[in-house]
Amino acid sequence: MMTTKERYESAREIYRQAGVDTDEALKILKDIPVSMHCWQGDDVIGFDQRGALSGGIQTTGNYPGKARTPQELMDDIDKVLSLVPGRTKLNLHASYAIFEEGEFADRDAIEPKHFAKWVEFARERHMGIDFNPTFFSHPMVKDNLTLSSPDPEVRKFWIRHGQACLKIAQYFAEELGQPCVMNIWIPDGYKDIPADRLTPRKRFKESLDEILGIPYDKEKVLVCLESKVFGIGMESYTVGSSEFTVNYAASRGILPLMDNGHYHPTEVVSDKISSMLLFFDKIALHVTRPVRWDSDHVVLFDDETKEIAKEIVRNDALERVMIGLDFFDASINRIAAWTVGMRSFRKALLYALLTPNKKLADFQEEGRLTEVLLIQEEMKTYPFGDVWDYFCESCGVPVRETWYDDVKAYEEQVLSKRD
Ligand SMILES: C[C@H](O)[C@H](O)[C@@H](O)C(=O)CO
Ligand SMILES: [Mn+2]
């Protein structure tokens, strides 16, 4: 039987004939940062509250073994890191603040010190940290409203939260020497047809201006604003619609964030990326898999994921698109869910890098559309798996599904003891 390296060498030659340099592709692939969301490990619960998940998002499933403490979550993240190749960043929500015994700070009073353990964790693993204020799962979310609430006390609380998070984001960037992508998403909306769509959006705009009005270093903290078309219980109207967030981001010099679960079912983020790149220096993504709704299924190596990766790679936008994953599945082993999602997106990036993008774009310009179609189709059966396996092996992570043996062992030795 051929070794992984021998299979790679054979594949390299096949790709070379199609005009693709696999060695170069693997060099690029290894350094593309993909931000891994901490919230897959504990069903988006966090450590600062005991209530249910709110904000119109939902984790379904009851698979045993979810992380209940910071140490358990860190152990689980470590297990995933040992199974996924390439550069990873860690994406935290503010609700994952770590308090000393007997200590507590509410969301509007959290400080960098409450994230010092995460910094230590990331530093030891040479990772940067991205960050998210948490505008949900908290008693100060009143009638599903936060920054757009008519109640000034509610708004002020969440403005203070946003400002506290900016300081924490800058602390991450300074401590770890990598910019921190700080994403703002609010759940605010109405279940039924609103009487006034304008006023809540006006208040949201003013609240955001107050948050971003405090001094912070724009080189170190890349603030994003994420849109959403609907949430559970907010089916008819969301304050932070796509038009709101894109216009706000453009007018304030921050990044728009597109989550591919946050649009109407036939809209695709892959088609939006090029337009956004023409008007923004940088944009951000939450890659997820919506199944009929914003269900946040595990990211797969599917057509839309591939198309998203292609848009980033072939538009030469690897440094301009901040990639983060956002899914949460509690119905299967959570470590496996994370691993499948992370490996799948890295695969999609590799697939894009192994596509003769320049040749195809030239053909399109020349009107050779038959060739565009047939080459894209033929590339699907190139020996992609041999290149992927070699990449995994050279990054020191398991090749193919053998990684599940590690997950099973971890489940038996660690996860099964948790409940
Ligand atoms: C945890 C959430 O998924 C996240 O904050 C937000 O990005 C979102 O996508 C809400 O639907
Ligand atoms: Mn998201």
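Modeller: A residue is buried if 20 or more other C-beta atoms lie within 10 Å of its own, and partly exposed if the count falls between that and the exposed limit of 12 or fewer. The structure above is a predicted model.

Biologist: Is Asp-296 buried or exposed?

Modeller: Asp-296 has 26 other C-beta atoms within 10 Å, so it is buried. Its place is in the loop between S9 and helix H9 (303-314). The phi of Asp-296 is near 55 degrees, a positive value in a residue other than glycine.

Biologist: What is the phi of Ser-137?

Modeller: Ser-137 has a phi near 50 degrees, again positive in a residue other than glycine. Ser-137 sits in the loop between strand S3 (129-132) and helix H5 (152-176). Ser-137 counts as buried because 22 C-beta neighbours lie inside 10 Å.

Biologist: Why is Phe-280 partly exposed?

Modeller: The count for Phe-280 is 18 other C-beta atoms within 10 Å, so it is partly exposed. Phe-280 belongs to the loop between helix H8 (273-279) and strand S9 (283-287).

Biologist: Which residues does Phe-280 touch, leaving out those up to four places away in sequence?

Modeller: Phe-280 touches Leu-255 and Pro-256. Gly-253 is 27 residues from Phe-280 in sequence, and their C-alpha atoms are 8.5 Å apart.

Biologist: Which residues surround ligand 1?

Modeller: Among them are Trp-39, Asn-132, Glu-226, Lys-228, His-286 and Asp-294. By class, the shell around ligand 1 holds 4 nonpolar, 2 polar and 5 charged residues.

Biologist: What does the model score?

Modeller: The scores are ipTM 0.98 and pTM 0.97. The protein chain has a mean pLDDT of 97, with 100% of its residues at 70 or more.

Notes: Residues are numbered from 1 along each chain as its sequence is written. Chains are lettered from A and ligands numbered from 1 in the order in which they are written. This is a predicted model: local features need pLDDT of at least 70, side-chain atom pairs count only at pLDDT 80 or more; totals for chains, interfaces and linings use all residues. Helices (H or I, at least four residues) and strands (E, at least two) are DSSP runs, numbered from the N terminus. Two residues are in contact if their C-beta atoms, placed from the backbone, lie within 7 Å. A residue is near a molecule or strand if its C-beta atom, placed from the backbone, lies within 6 Å of it. Ala, Val, Leu, Ile, Met, Phe, Trp, Tyr, Cys and Pro count as nonpolar, Asp, Glu, Lys and Arg as charged, and the others, Gly among them, as polar. pLDDT is the predictor's confidence in each residue, from 0 to 100.
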